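Please take a look at the chain shown here.

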Amino acid sequence: MERPLSPFMFPIWYRFQITSALSILHRLTGIALALGSMLLVWWLITVAAGGEMFAATHAFLASPIGIVLLFGWSIAFFYHLCNGVRHLAWDAGYGFEIRSASRSGYAVLAATVLLTVMTWLYVFLV
């Protein structure tokens, strides 16, 4: 048999497509948001509990590891948000042409970077 058996032979048989990469990334960011939401719930519980529990959680979130986790969660949030808006446009019947789908994919990536940078500039400057 000379033809590929599976689309998972991506680098060998198939040309890179931004739309398929963004689809996979959308699923991964959904998982990251679910895991990050558990950290958010934990933080809310410690806010309610107060005292040492909150101090320990705050110290963790203010540590370099906590900042990296929050930064990654914010990237996942903004990407998932922007790509969700893109999917809403598709649900309305817009943007199915290959060129349009590719352009909207790059627009999602640009918006993700812009929103993330603006948010973290606000966090550090205010």
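## Basis of the model

This is a predicted model: local features need pLDDT of at least 70, side-chain atom pairs count only at pLDDT 80 or more, and totals for chains, interfaces and linings use all residues. Residues are numbered from 1 along each chain as its sequence is written, and side-chain values use heavy atoms, with hydrogens and water left out.

## The chain overall

The chain has five helices and zero strands. Helices (H or I, at least four residues) and strands (E, at least two) are DSSP runs, numbered from the N terminus. Read from that end, the order is α-α-α-α-α.

The chain has 126 residues, and 21% of them count as buried. Buried means under 20% relative accessible area, exposed means over 50%, and partly exposed lies in between (1.4 Å probe, protein chains only). Contact means heavy atoms within 4.5 Å. Among contacts with a separation of 6 or more, 62% join residues 24 or more positions apart.

Two packed helices are described by the angle between their axes and the distance between the axes. Axes here are lines fitted to C-alpha atoms, for helices over the stretch in contact, and angles run from 0 to 180 degrees between N-to-C directions.

Helix α2 covers residues 18–49, and helix α5 covers residues 98–125. Their axes lie 9 Å apart, at an angle of about 45°. The pair is therefore oblique. Angles under 35 degrees count as roughly parallel, over 145 as roughly antiparallel, 65 to 115 as roughly perpendicular, and the rest as oblique. The crossing of α2 and α5 is left-handed: the near helix is turned anticlockwise from the far one by less than a right angle (clockwise would be right-handed). From α2, Ile-18, Thr-19 and Leu-22 make the contact. From α5, the residues are Ala-101, Ser-102, Gly-105, Tyr-106 and Leu-109.

Helix α3 (residues 51–62) also packs with α2, at about 145° and with the axes 7 Å apart. This crossing is left-handed too. The α2 side includes Trp-42 and Trp-43. The α3 side includes Met-53 and Phe-54.

## Helix α3 against helix α4

The axes of α3 and α4 come within 4 Å and cross at roughly 70°. So α3 is roughly perpendicular to α4. Phe-60, Leu-61 and Ala-62 of α3 take part in the contact. Among their partners in α4 are Pro-64, Ile-65 and Gly-66.

Arg-86 sits in helix α4 (residues 64–91). Which side chain of opposite charge is nearest to Arg-86? It is Glu-97, 11 Å away. Lys and Arg count as positive and Asp and Glu as negative; His and the chain ends are not counted. Arg-86 is buried yet has no salt bridge, meaning a side-chain nitrogen of Lys or Arg within 4 Å of a carboxyl oxygen of Asp or Glu. Setting aside residues up to four places away in sequence, Arg-86 touches Thr-19, Leu-22, Ala-101, Ser-104, Gly-105 and Val-108.

Ala-76 is also in helix α4. Is Ala-76 buried or exposed? Ala-76 counts as buried because its relative accessibility is 4%. Beyond its neighbours within four places in sequence, Ala-76 contacts Thr-29, Ala-32 and Leu-33. Ala-76 and Ile-31 are 45 residues apart in sequence and 9.2 Å apart in space, C-alpha to C-alpha.

Leu-35 belongs to helix α2. Leu-35 is exposed, at 52% relative accessible area. Its C-alpha atom is 9.0 Å from that of Trp-73, 38 residues apart along the chain.
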